[in-house]
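Q: Please take a close look at one part of this chain and set it in its surroundings. A plain account will do.
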Amino acid sequence: MPTDPAGPGPAEGGAGPAPPAPRRGGGLILVVFALALAAIAGTTLALLPGGPKPPPISVVGGPFRLESSKGGVLESRTLQGRPFLVFFGFTQCPNVCPTTLADLGNLLDAFQAEGGTLEAYYITLDPERDTPALMREYMASFHERITGLTGTPEAIARVARDYRVSTKRVPLPDGGYTMEHTLMVYMMDRNGGFAGPLDLEAGHALALKQLHRLVSDGRNS
């Protein structure tokens, strides 16, 4: 999936074996995951329904304890037994992040209409600016099943490392900064393992099939 600097572009993240190519600049994407997922590429993301299931993947994902936009603290251990989605970004991302969040919200509505239920978590990569209060205000514009998460810089760095997220602070001419980062919706199975990227770009028909498969057995389709 893409990365987002000053401005993001459309969300990427296919069911292909390698992560989406990142761009730089206003909608450009930072190249990420090349080394981290090389060992598992080709065995996890391109399997068709009914085909052999990929082995559990442990190199992506890990425990976290972060402050929730809905109040209190969310610990990943409370998600055991339930598949979920994870997406990284920051509130001052002008294009790709909010566009992806809106698209994901529409997908969750469609999934619910088909009898499915799934929670998604939007983890900031800019904890210095994205306070719990700001995350609460920001997430009010998106689907109620997408929860914003923030924490200390150390906690966010740990989660980003566990999820193999590439992130970089980029100075701006006005003295501020933006963030380049991996942009991908992670599908996590009921055991907290990485099941593959959610493919929003291919259309909701395929993405819905992925979600149904994720909920039924925790693996990508």
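Which residue in β9 is the bridge partner of M188?

A: The bridge partner of M188 in β9 is F194. This is a predicted model in which local features need pLDDT of at least 70 and side-chain atom pairs count only at pLDDT 80 or more, while totals for chains, interfaces and linings use all residues. Residues are numbered from 1 along each chain as its sequence is written, and side-chain values use heavy atoms, with hydrogens and water left out.

Strands β8 and β9 (residues 194-197) run antiparallel and are joined by 3 bridges; two strands pair if DSSP finds at least two bridges between them. Their hairpin has 5 residues between the strands, and G192 takes a positive phi near 80° there. Helices (H or I, at least four residues) and strands (E, at least two) are DSSP runs, numbered from the N terminus. The chain has 4 helices and 9 strands, in the order β-β-β-α-β-α-β-α-β-β-β-β-α along the sequence.

Buried means under 20% relative accessible area, exposed over 50%, and partly exposed in between (1.4 Å probe, protein chains only). This core has 31 residues, of which L85, L104, L107, Y122, I146, L198 and L211 touch the most other members. The element giving the most is α1, with 7 residues. A second, separate core of 22 residues includes V86, F88, I156 and V159.

Leaving aside residues up to four places away in sequence, L107 touches L198, L200, H204, A207, L208 and L211, where contact means heavy atoms within 4.5 Å.

Over the chain, buried residues make up 52% of the 221 residues. Of the contacts with a separation of 6 or more, 67% are between residues 24 or more positions apart.

Conventions: Core = buried A, V, L, I, M, F, W, Y, C linked by side-chain atoms within 4.5 Å.
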